[in-house]
Amino acid sequence: MMEWMNLANRVIQEEELSDVEALSILTCSDDDILLLMHAAFHIRKHYFGRKVKLNMIINAKSGLCPENCGYCSQSRVSEAPIESYKMLTKEKLIEGAKRAHDLNIGTYCIVASGRGPSNKEVDQVVDAVLDIKKTYGLKICACLGILNPNQAKRLKDAGVDRYNHNLNTSKSNHDNITTSHSYDDRVTTVELAKDAGLSPCSGVIVGMKETKQDVIDIARSLKALDADSIPVNFLHAIDGTPLEGTNELSPLYCLKVLALFRFINPTKEIRISGGREVNLRSLQPLGLFAANSIFVGNYLTTSGQEELEDYKMLHDLGFEIETVEEMKNSLSMINR
């Protein structure tokens, strides 16, 4: 049996896991899951204490996407009956920010479908962000697709703190999920955001028929990319998408995935993201012994857990919500 605490202490001493050790986490006996999560929490607590970062999404533009991502209800190959609309007005984006502020959310995430934003759409986001920062002081993450350098600079100058562009899966599995853009396109966008001074956010979707080695590879790729925040999504297979009916995940395996990401990316924000409710189910609280961040509220085209239930869960676990001011301080440390 792998001695998980010894491995955790080695990680804290900045040793890297071998592929054999990484695989042993994903294949950990279900009987030992509490021992594994205790070791993951040892790492999490060393770097983040008992703090939890809260994030909220606004679906700023829905559907109308020319890409062919197999997991996405908004793509051109999806037949899912979703609402489609162009970029929300400035007033709507600010309204969403007020809701995030009132719920003590640290990071407000403006997400838009599409391959990448038009300059007019960037104008709309910039205009809203200037007012949001002035009125509410929220940390803002934008997720608008593939950017050009000028667009990235404009977002940064407006006050956007972070840019999200997920790698989603390993390089070897990428073409099984989408062919309308490359894996390297995604890496390039994250690097471009970093060059503009935006904090990089990039993550994964687990459960898309990948191998365990694919999961290890993407965790290592995100470490190499030096993403400050890593959203770990678990596939919520939506009817009408190419991945409809895919159901490869169990709650215990999801916990092992979260532990793996903590062991490989010990100093980074690991966020339990889309699909946590339908995949972790009653084991959601255990996930926070590895992760230190969650989304509150709904996702893009799927519903999340009721906000009150999330707050109850955090309270019952004895975790503390990181305040907006604390998030600003942690971000300033990252940017130094």
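I began with the second largest cavity, which holds about 30 Å³ of space. For the terms, I worked on a 1 Å grid over the protein atoms alone: a cavity is a set of points where a 1.4 Å probe fits but cannot get out, a pocket is an open set with protein on both sides within 12 Å along at least five of seven lines, and lining residues have an atom within 4 Å of a point. Points are joined across faces, edges and corners, and a volume is the space filled by probe spheres set on them.

This is a predicted model, with local features needing pLDDT of at least 70 and side-chain atom pairs pLDDT 80 or more, while totals for chains, interfaces and linings use all residues. Residues are numbered from 1 along each chain as its sequence is written, and side-chain values use heavy atoms, without hydrogens and water.

I listed the lining of the second largest cavity, which includes Thr169, Glu210 and Asp214. Strand 6 (204–206) and helix 8 (212–225) each give at least two residues to this lining; helices (H or I, at least four residues) and strands (E, at least two) are DSSP runs, numbered from the N terminus.

I counted two cavities of 30 Å³ or more. The largest cavity has a volume of about 920 Å³. I found 44 residues lining the largest cavity, with Tyr71, Cys72, Asn166, Ile205 and Leu300 nearest its centre. Ile205 also lines the second largest cavity.

I then looked up the largest pocket, at about 630 Å³. Its lining has 26 residues, and Ile57, Ile58, Asn59, Asn298 and Tyr299 are the closest to its centre.
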